[in-house]
Amino acid sequence: MAQVVLRWLIQRDIVVIPRSVNIERMKQNIDIFDFALSDDDMKLISTLDTGKTLFFDHTDSERAKWIINVWKDKFE
């Protein structure tokens with residue numbers, strides 16, 4: 001699955017810097033140049049973007065303040 005996502009990004013000319021400490025995953029992450037996604041696959045994967053973050057909305061100032069306060073409380 002990760003290789004498909006990496007390949008999708010590469011085919012869109014997006015610079016990808018995958019991160020892993022697992023040597024096998026590192027090898028898998030670089031092994032994305034022996035296949036290409038079809039135009040239909042590229043379009044289908046593009047439809048998966050809902051435009052909403054699964055983490056938090058960094059443009060929401062109240063949410064950003066809350067996160068800053070959580071970190072301050074933890075480290076002060």
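Glutamate 62 is exposed, with a relative accessible area of 52%. The cut-off for exposed is over 50%, so a value of 52% falls in that class. In this predicted model, glutamate 62 forms a salt bridge with lysine 65. The closest N and O atoms are 3.5 Å apart. Lysine 65 counts as partly exposed, at 47% relative accessibility. Both residues belong to helix 4 (residues 61-75). They are 3 residues apart, about one turn of the helix.

The whole structure holds 2 salt bridges. Helix 2 (residues 23-30) contains glutamate 24 and lysine 27, whose side chains also meet in a salt bridge. The N to O distance is 3.6 Å. Here too the spacing is 3 residues, about one turn of the helix. Glutamate 24 is partly exposed, with a relative accessible area of 44%. Lysine 27 is partly exposed as well, at 49%.

Helix 1 gives the most, with 3 residues. By class, the lining comprises 6 nonpolar, 1 polar and 1 charged residues.

Conventions: Residues numbered from 1 in each chain as written. Predicted model: local features only at pLDDT ≥ 70, side-chain atom pairs only at ≥ 80, totals over all residues. Heavy atoms only, no water. Helix = DSSP H or I, 4+ residues; strand = E, 2+ residues; numbered from the N terminus. Nonpolar A, V, L, I, M, F, W, Y, C, P; charged D, E, K, R; others polar. Salt bridge = Lys/Arg side-chain N within 4 Å of Asp/Glu carboxyl O. Buried < 20%, exposed > 50% of the residue type's maximum accessible area, 1.4 Å probe, protein only.
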